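The following exercises are to be worked with the sequence and the three-dimensional structure at hand. Each task is followed by a solution in steps.

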Amino acid sequence: MAISVLWFSRHDMTKEQIEDLERIYGDINIVKFDKTIKDVEEILSVGKFDVYAVVLPANLIARLMKICPENVQIIQPVSERVITENKIINPATQKEESEYEFRHVCWQRIVKAVFEVETL
């Protein structure tokens with residue numbers, strides 16, 4: 001039976017990210033959810049999943065950890081920023097700059113997340 005994965009990001013998952021998830025979990029079924037949310041409870045309202053693969057700020061990951069069922073894994077992608085041989089024109093400065101791309105490095109399972117803030 002396939003592992004159900006909810007992908008919460010505005011970007012499509014890359015081929016490398018998918019292949020890495022298959023290495024980790026085997027047979028997977030990925031559902032993408034790219035809606036702007038007001039609260040992480042909206043993520044859980046999409047349905048029941050075995051894994052939540054999320055691109056979220058730390059405070060929202062901490063909140064998601066508090067409300068997720070214990071048997072659900074929350075993971076996040078890790079990428080590195082790599083310079084390419086290409087040059088681009090920065091629209092803000094109209095100057096030529098090096099182009100960068102993001103490459104998948106790994107997935108991280110969130111084990112514990114505690115995040116407290118104070119508005120100033």
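Predicted model: local features only at pLDDT ≥ 70, side-chain atom pairs only at ≥ 80, totals over all residues.

**Exercise 1.** Which residues are exposed on the other side of α1?

Residues are numbered from 1 along each chain as its sequence is written, and side-chain values use heavy atoms, with hydrogens and water left out.

*Solution.* Step 1: helices (H or I, at least four residues) and strands (E, at least two) are DSSP runs, numbered from the N terminus; α1 spans 15-25. Step 2: buried means under 20% relative accessible area, exposed over 50%, and partly exposed in between (1.4 Å probe, protein chains only). Step 3: Lys-15 and Arg-23 are the exposed residues on that side.

**Exercise 2.** Determine how the buried residues of α1 are arranged and what they pack against.

*Solution.* Step 1: the buried residues of α1 are Gln-17, Asp-20, Leu-21 and Tyr-25. Step 2: viewed down the helix axis, these residues fall within an arc of 115° (taken from the directions from the axis to the C-beta atoms), so they line one face of α1. Step 3: an α-helix has 3.6 residues a turn, so residues three or four places apart point the same way. Step 4: the partners in packing are β1 (3-8), β2 (28-33), β3 (51-54), β4 and β5, where contact means heavy atoms within 4.5 Å. Step 5: just after the helix, Gly-26 takes a positive phi of about 85°.

**Exercise 3.** Describe the largest nonpolar core and the surroundings of Ile-43.

*Solution.* Step 1: a nonpolar core is a set of buried Ala, Val, Leu, Ile, Met, Phe, Trp, Tyr and Cys residues joined through side-chain atoms within 4.5 Å. Step 2: the largest core has 16 residues, and among those that touch the most other members are Phe-8, Ile-43, Tyr-52 and Leu-64. Step 3: β1, β3 and α3 (58-67) each give two or more residues to this core. Step 4: apart from neighbours within four places in sequence, Ile-43 is in contact with Leu-6, Phe-8, Phe-33, Ile-37, Tyr-52 and Leu-56. Step 5: a second, separate core of 10 residues includes Val-5, Met-13, Ile-28 and Trp-107.

**Exercise 4.** Characterise the lining of the largest pocket.

*Solution.* Step 1: on a 1 Å grid over the protein atoms alone, a pocket is an open set of points where a 1.4 Å probe fits, with protein on both sides within 12 Å along at least five of seven lines; lining residues have an atom within 4 Å of a point. Step 2: the largest pocket holds about 310 Å³ of space. Step 3: it has 14 lining residues, and His-11, Thr-14, Gln-17, Ser-79 and Phe-102 are the closest to its centre. Step 4: α1, β4 (73-89) and β5 (96-109) each give two or more residues to the lining.

**Exercise 5.** Where does Gln-94 lie, and is Gln-94 buried or exposed?

*Solution.* Step 1: Gln-94 lies in the loop between β4 and β5. Step 2: its relative accessibility is 57%, so Gln-94 counts as exposed. Step 3: Gln-94 has a positive phi of about 60° although it is not a glycine. Step 4: most residues other than glycine have a negative phi.

How values were computed. Points joined across faces, edges and corners; volume = space filled by probe spheres on them.
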